[in-house]
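Dear colleague,

Please find below the structure that I am handing over to you, together with its sequence.

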Amino acid sequence: MPEGIEIQLKKGVLDLCVLALLSEHDSYAYEIAARLAELIGMGEGTIYPLMRRLQGEGLVETYFEESPAGPSRKYYRLTAAGRASFTSQKAAWASFARAVETIVGGAP
């Protein structure tokens, strides 16, 4: 796959992926970045501006928790608006993915 297309596909689902990870449990930015790197190959530098934006949109909120190895960590959790957005985005993604699979799956 051409690199430009792959980057655009990843950017298009990044919000959904972060909301999905946070729907499982609260997390700190480095942990989210590590999971995204492992699962879809996203770079760590992408996560910090994204988390600030999601917080500014009221989809996530933060709190600090003591770390066993160093200073306190800033954790992110979904707000009620974040949970609603995740549910909506998840449904939209499922519908879109089915439509794309219908088109691509039938192509020679």
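Lys 10 is found in helix α1; helices here are DSSP runs of H or I of at least four residues, strands are runs of E of at least two, and both are numbered from the N terminus. Lys 10 is buried, at a relative accessible area of 17%, where buried means under 20%, exposed over 50% and partly exposed in between, with a 1.4 Å probe and protein chains only. Its contacts, leaving aside neighbours within four places in sequence, are Ile 40, Gly 41 and Met 42; a contact means heavy atoms within 4.5 Å.

Some conventions apply throughout. This is a predicted model, in which local features need pLDDT of at least 70 and side-chain atom pairs count only at pLDDT 80 or more, whereas totals for chains, interfaces and linings use all residues. Residues are numbered from 1 along each chain as its sequence is written, and side-chain values use heavy atoms, with hydrogens and water left out.

As to confidence, the mean pLDDT of the chain is 92, and 98% of its residues reach 70 or more; pLDDT is the predictor's confidence in each residue, from 0 to 100. Confidence is lowest in helix α1 (residues 3–24), with a mean of 89, and highest in β1, at 96.

Overall architecture

The chain contains four helices and three strands, which follow one another from the N terminus as α-β-α-α-β-β-α. Its C-alpha atoms fill a box of roughly 55 × 30 × 20 Å along the principal axes. Of the 108 residues, 29% are buried. Among contacts between residues at least 6 apart in sequence, 47% join residues at least 24 apart. The chain exposes about 7000 Å², of which carbon and sulfur atoms supply 59%; these areas come from the Shrake-Rupley method with a 1.4 Å probe, and for residues only the protein chains shown count as cover.

The sheet

The three strands form an open antiparallel sheet in the order β1-β3-β2. Its edge strands are β1 and β2, each of which pairs on one side only. Two strands are taken to pair if DSSP finds at least two bridges between them. Strand β1 (residues 27–28) is joined to β3 (residues 70–78) by two bridges, while seven bridges join β2 (residues 60–67) to β3. A hairpin connects β2 to β3 through two residues. Between these two strands, Tyr 63 has Tyr 75 of β3 as its bridge partner, and Phe 64 has Lys 74 of β3.

Tyr 76

Which residue of β3 stands opposite Ser 27? That residue is Tyr 76. Tyr 76 is buried, with a relative accessible area of 6%. Not counting residues up to four places away in sequence, Tyr 76 touches a set of residues that includes Leu 22, Asp 26, Ser 27 and Tyr 28, as well as Met 51, Gln 55 and Val 60. By contrast, the C-alpha atoms of Tyr 76 and Gly 105, which are 29 residues apart along the chain, are separated by 38 Å.

With kind regards
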